[in-house]
Amino acid sequence: DDTTASSVRTVAFQQMKPRDYLQAIFSRYHAAGYYRDEGIVRLTVPQTSDTPSETKVAPLSVWTNHDTVYLQAYDTRLWSDSEGLTAWIVDPSTRNFDSQVLRAPPIGRRPELKQLLTDPILVEQVAAGLAGPPPQLEWLFAEEPMKQLFLEEHTFAFGQQQTIEQTQCQEIQVQAGEQQYGFWVDIHSGLIRKVDLPSIPVSANADPAAPSIRLTLELRAASFDVPSTTPKADSLPENPKFVGHFVPLPPSPPPAILGIRINSVDLTTSDRTPFQFAASRSKAKPAVTAMVSFADDANAFNSALVLQQWSQQLPATLAEQTRVVLLLHDAISLRDEVKQLLRESITLPLIWDTKNELASKLAIPPGTLLLVDSSARIVWIQPGLTPQSLPSLGAIVSDIVSGVDIPQRMKEQHDRDAAAYQSVLSGEYKKL
């Protein structure tokens, strides 16, 4: 009866070493004919002096009944049964990965992990979140579940007990090198109800003693019981494009503002004379103006410093054709310390956008770099400048000065990429 079973499991837990107990738990998963959960991964960013605490959740759930599997992992969905395997993306920002739907032949029996995840892009998508792929997949379908966790040098210990979903759970703490895990096991059913995953530093240079980002896998409603119903899967994308392998999406199209002219914008120099993009020290070749949108913002100040450094390193032939300036809004309110930094650290000429037309019309944030040719046409936009981006910036400016139409070149490249993508997509459909 249930009481006897509970007692047996409790005694077994008390008499076993933590390493052996956790291995036995994973063996139970590996042998299970049925399993389901409503798992989510919870990411908690600690509070700082500047920002409040923040929590994000994403689905990370598995349902299986012998040869049938339904997986929800972040934006990815996968269904495998006797009729075949289907996988798709639920992500409006990529138009549900352009409505691609992966189809593969039926596995024909209880699947192995390597049979479920054969497509490279599917593997990437399933592991796309900070918590990585759903560990339940490995517990259930890997040949040796959690093999890397049980290396000889890793240590295992029983931790605290806690009530989770009205059941008593025992924590098994695992120290795997510098990473620490906490597996919370229902001592009556052998189900893992929660996993504390290794925390993540807030930043690469963060103080080790500072609070870290916490990751927790909550396996709600987990059960080994025979299911009475099948799960309701998310719908396939509208007008699905069936493929045998997911096809990488082409790069995004060039920014819409490339190629537009801004000669009607009222810009002035510091002495209040009109600023003209056509002005050039040399009339032999077209000039280019490099400008960073400046404000009381760390990203803007960093971009300005990098742009200034770049301007000082320009070869003489290129420097003759290039003007480098900072763009400010007339009504902008700068703190005194920022004004002082401008005076002490920045020697670039200041150009004033008297009505804030440029930044508002183009919706560009502070720190954005614009390259504008002598016909007042925007030929390049970059969200921010870093020292690593300077070599490519120099090459772009050199092309502009040489008369290359950068917006047109980018459009043609995008058209070629889009055509190649459609060709591969059609080929995948024909193979199916």
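## A tour of the aromatic rings

Begin by selecting Phe275, which is buried, with a relative accessible area of 10%. The model on the screen is a predicted one.

Which kind of pair do the rings of Phe275 and Phe277 form? The planes stand at 85° with the centres 5.2 Å apart, so the pair is edge-to-face.

Widen the view to the whole model, where the count of aromatic pairs comes to 14. One of them joins Phe97 and Phe246, and this pair is stacked, with 5.7 Å from centre to centre and 10° between the planes. Where in the chain do Phe97 and Phe246 lie? Phe97 belongs to helix 3 (residues 95–98), whereas Phe246 is in the loop between strand 13 (241–243) and strand 14 (267–269). The pair thus links distant parts of the chain, 149 residues apart. Phe97 counts as buried, at 8% relative accessibility, and Phe246 is buried with a relative accessible area of 5%.

Next, select Phe26, Tyr29, Tyr35, Trp139, Phe150, Phe156, Tyr181, Phe183 and Phe224 together; these residues form one aromatic cluster. The charged end of Arg28 sits over the ring of Phe224, at 3.9 Å from the ring's centre.

For the last stop, select Trp184 and Lys194. Here Lys194 lies over the face of Trp184, and the distance to the ring centre is 5.1 Å.

Technical notes: Residues are numbered from 1 along each chain as its sequence is written. This is a predicted model: local features need pLDDT of at least 70, side-chain atom pairs count only at pLDDT 80 or more; totals for chains, interfaces and linings use all residues. Side-chain values use heavy atoms; hydrogens and water are left out. Rings of Phe, Tyr and Trp (its six-membered ring) pair if their centres lie within 6.5 Å; planes under 30 degrees apart count as stacked, over 60 as edge-to-face and the rest as tilted. Helices (H or I, at least four residues) and strands (E, at least two) are DSSP runs, numbered from the N terminus. Buried means under 20% relative accessible area, exposed over 50%, partly exposed in between (1.4 Å probe, protein chains only). A charge sits over a ring if NZ of Lys or CZ of Arg is within 6 Å of the ring centre and within 35 degrees of the ring normal.
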